[in-house]
Each structure stands twice: as C-alpha cells, then as structure tokens.
Amino acid sequence: MFIKNVSKEICSGLSELLFPSICVVCNDLLIGPESGLCAICKHNMPYSPWHFNDQNPIVKALWGRSIITAGFHLLSYRKGSIASRVLHSIKYENQTILAENLGRNIGLRLKNSAILDNLDGVVAVPMHPKKLKFRGYNQAAVIGEGIADVIGKPLLKDLLVQSRHTQTQTLKGRVGRIENTGDKYQWNVNFSSTSLQHILLVDDVMTTGSTLQAAEYAIRRVYEAENLQVSIATLAYVF
Ligand SMILES: [Zn+2]
C-alpha cells in the first residue's frame, strides 16, 4: 500500500511537472488547491451585484415570456471579459472542476434563501445526446451538481430531454435563437406523474433567454395545473 501511494504521488508530481496547471484567464501557474482560475482572476471576476429574487435582470428579461419565481446570475458577461474566457473554458476545454466549483459558489449564495424552502431539486438545461457524446459532458449539469450539493437538494437528472438536434446557437443571430427554441425540450414521459412544487432550472449562460424560456415552456406543458414554481440560476448573463 505504501509503495502504491508513493508511486501515485510520483506519477502525479511528474504529470504536474510535464503538464502544469495554468489559469484559464491569465495563463499563470496555479498553486496548491487552485483549479482552473488563479486567486487574482477569481477575485477580479465580474460578480453580479444582483440578488436571488424576482427583480434579478434575468427574470425581468423573461417577463411576458415565462413565469419565473426568482432568478440569479453569478457573473456579468461582456465580450472579451474574464467571464467570457471562463465560460469558453468550461464549455470547450474540459474545465469541469472549475464549472463545479462555480456551481458551488452559486449554491453558497442561494443556500439560505427562503425562496428555496419548498424546492424539490435542480434541473439542468439538457444537451442533445449527440452533442453530449462529442463534448463528453454537459456544462450546465456540472454547474447544477455543484449547486445541488451545496444547497442540499438533488440534481434531478433526465427530467428534461432535448427533443431534436438544433443548429448550435453560436452560429445564429439573436432573432434566430428566439424563433428556433419553441419546442426544443420535452419533459421525460417517465417522470410525468412525479409531483413537484418548485424546481431550479440551471444553465451556464443566458443571452436572449430563449433557451430557459423553451425549458420552462416544456415544464409548463406538464405541470401548469399544479402551479409548479420555476426559478432559474445561471453562471453568467450577457448584458
Ligand atoms: Zn489568472
């Protein structure tokens, strides 16, 4: 056992020497327990001043389109900012530990909110299986895992499914995104009889809100009669 542990430490040390961990924003070497972001970039991130409530800008942006109880976004996203670099890294560069840590950060800010008293669990905006196979992970689900763990509620996996493969949103204009997401998600029929009061929908970033609107719409088609509450949380909001 001793030899096994020593070998493991040597391998880990060698790997760190050959492939040192660097900050996804400034490329500085990371020290100790830092993962993905150095302490300085972490400190300098554009944290949103808005709280988790019905006046949060991500809720206001959905007024007249979705019925949202409360919303929260951790970062204010602007092109070329630290937030955009962080988003890119968790979406395309396998920064899953960073995504989960940021989810935990969101969880800490929501943890003591009375809004979550009747919460049943966290639902991540799903990724189409083809895209999931290509990417290897759904960043919204990883963020959702971090949130769920901290607030002590389950991540309700597979409740929502993506109903068809749509063109990647980064290739479309703002109007195209709104038009193309009406029937994008469906509630998994295996869970249609599940009784729920309140769920927290999670995504990595909100731009026009069309993705979260489509997810909320899919839920309402099943749960409208039961007056289900839907709240939302995102890592970033594009102003
Ligand atoms: Zn840095």
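Begin by selecting Ser 89, which lies in helix α4 (residues 82-92). The model on display is a predicted one. Ser 89 counts as partly exposed because 19 C-beta neighbours lie inside 10 Å, whereas 20 or more would be needed for a buried residue. Then select Ala 99, 10 residues from Ser 89 in sequence; the C-alpha atoms of the two are 9.0 Å apart.

Zoom out to the whole chain, which has 9 helices and 6 strands. Of its 239 residues, 37% are buried. Among contacts between residues at least 6 apart in sequence, 76% join residues at least 24 apart.

Now turn to the largest nonpolar core, which has 61 residues; Val 122, Val 123, Leu 201, Val 202, Ala 215 and Ala 236 touch the most other members. Helix α7 (residues 139-151) supplies the largest share of this core, 7 residues. Both domain 1 (1-43) and domain 2 (45-238) contribute at least three residues each to the core.

Centre the view on Val 122. Beyond its neighbours within four places in sequence, Val 122 is in contact with Gly 144, Ile 147, Ala 148, Lys 153, Leu 155, Leu 156, Leu 200 and Val 202.

Finally, select helix α9 (residues 210-223). Its 14 residues should span 20 Å at 1.5 Å a residue, and the end C-alpha atoms are 20 Å apart, which agrees. Buried residues in α9 include Ser 210, Thr 211, Leu 212, Gln 213, Ala 214, Glu 216, Ala 218 and Ile 219. Ala 215 is also buried in α9, and this residue belongs to the largest nonpolar core.

Definitions and conventions. Residues numbered from 1 in each chain as written. Predicted model: local features only at pLDDT ≥ 70, side-chain atom pairs only at ≥ 80, totals over all residues. Helix = DSSP H or I, 4+ residues; strand = E, 2+ residues; numbered from the N terminus. Buried ≥ 20, exposed ≤ 12 C-beta atoms within 10 Å, placed from the backbone. Contact = placed C-beta atoms within 7 Å. Core = buried A, V, L, I, M, F, W, Y, C linked by C-beta atoms within 7 Å. Domains from an automatic or database assignment. Expected span 1.5 Å × (residues − 1).
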